[in-house]
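User: Please take me through some terms used for this structure and show what each one rests on.

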Amino acid sequence: MTSSAAEPAGLPAARRRTFLALFTALAIVVHTFETLLPTPLPWLRLGLANALALVVLFLYGPGAAWSLTLSRIVLGALLLGRLFTPGFWLALAGGCLATLVMTGLHRFGRGRFGPVGISVAGAVSHACGQTLAAWALLVRHDALWRVLPLFLLFAIATGLLTGWVAALLLERLKRHPALADT
Amino acid sequence: MTSLWACMTGADRLLTLALTLFALAGAGWLLSAPPGERILVDDGVQIVYQGGFDRVAELSFHGPMGTSRLAIAADGVRVIEAPCPQKLCMGMGPARRSGDLIACLPNRLLVRIVGAQPAEAVHDLISR
């Protein structure tokens with residue numbers, strides 16, 4: 001990809017596309033690596049890849065966050081051999097609800113919410129989305145909702161951590177000359 | 001490095017506090033449940049097993065992904081073997097309180113703990 005002085009207007013768009021592709025690739029790597037890591041509880045995952053969704057949300061807006069999240073879920077499942085398995089649908093439902101809430105808070109929160117608050121809301125929405133999908137698609141039993149409070153407590157803790165990582169990343173990235181104007 | 005607290009806005013703190021209180025209230029409600037008396041195993045369509053905690057046993061159930069094994073003891077019921085890739089159900093046990101739930105979604109297995117049968121359920125027929 002080249003740019004010239006004759007088309008300076010194209011440079012920010014090209015830069016945006018390039019960085020978005022890099023953030024998406026990084027999110028897929030983090031997601032895949034995290035899935036392979038052992039955890040103290042088998043269903044406890046940090047969801048660190050969501051920190052990158054938050055970063056692109058704050059740098060490039062809601063469209064970029066949707067693009068990264070959907071690419072990460074589909075390509076990550078393809079890499080791990082989980083495409084169209086029950087786990088894939090749960091991840092898709094959780095990811096879509098989380099992104100919907102995060103982009104909504106970012107757009108309509110009038111700047112009152114930072115990366116940490118949006119991350120916590122996203123993590124909680126992710127847990128709700130997964131439980132809702134599990135109830136609708138797999139086990140249509142109301143007793144399933146009884147595990148939700150435990151999921152929510154873990155989601156809040158992991159949301160705080162990923163939001164903090166995203167805030168620190170944004171702090172550094174916004175000082176970088178290539179991203180200072182975004 | 002900026003601390004977590006310094007990274008949060010006032011709205012972030014309020015939102016986190018509200019969600020934490022909501023989740024804690026839900027968890028408290030679950031933990032206050034009395035010990036259960038019966039185990040119900042559901043395959044997503046019907047109840048395939050029901051029994052109490054009065055006997056130590058290991059049971060096998062067949063689902064779409066393979067065989068899941070449950071261990072029943074006085075301290076609760078737990079999944080000891082599961083064919084699903086993430087083994088989430090194995091991390092959910094033991095379940096002993098009324099309302100506790102272990103779900104193996106990929107293998108369509110739902111283990112519920114319920115209280116004693118309602119008094120009216122022990123009668124086949126009541127006539128007046």
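This is a predicted model: local features need pLDDT of at least 70, side-chain atom pairs count only at pLDDT 80 or more; totals for chains, interfaces and linings use all residues.

Analyst: Residues are numbered from 1 along each chain as its sequence is written, with chains lettered from A and ligands numbered from 1 in the order written.

User: Why are H5(A) and H2(B) called roughly parallel to each other?

Analyst: The axes of H5(A) (residues 115–138) and H2(B) (residues 10–31) cross at roughly 25° and come within 8 Å. Angles under 35 degrees count as roughly parallel (over 145 roughly antiparallel, 65 to 115 roughly perpendicular, the rest oblique), so H5(A) and H2(B) are roughly parallel. The residues making the contact include Val120(A) of H5(A) and Leu15(B) of H2(B); contact requires C-beta atoms, placed from the backbone, within 7 Å.

User: How do you know what span H3(A) should have?

Analyst: The expected span is 1.5 Å times one less than the number of residues. For the 19 residues of H3(A) (62–80) this gives 27 Å, and the end C-alpha atoms are 27 Å apart, which agrees. Just after H3(A), Gly81(A) takes a positive phi of about 70°.

User: What makes S3(B) and S5(B) edge strands?

Analyst: The open sheet has the order S3-S4-S5 in chain B, with antiparallel pairing. Strands pair if DSSP finds at least two bridges between them. S3(B) and S5(B) each have a single partner strand, so one side of each is left without a neighbour in the sheet. Five bridges join S4(B) to S5(B), and Arg69(B) has Glu81(B) as its bridge partner in S5(B).

Methods: Helices (H or I, at least four residues) and strands (E, at least two) are DSSP runs, numbered from the N terminus. Axes are lines fitted to C-alpha atoms, for helices over the stretch in contact, and angles run from 0 to 180 degrees between N-to-C directions. Two residues are in contact if their C-beta atoms, placed from the backbone, lie within 7 Å.
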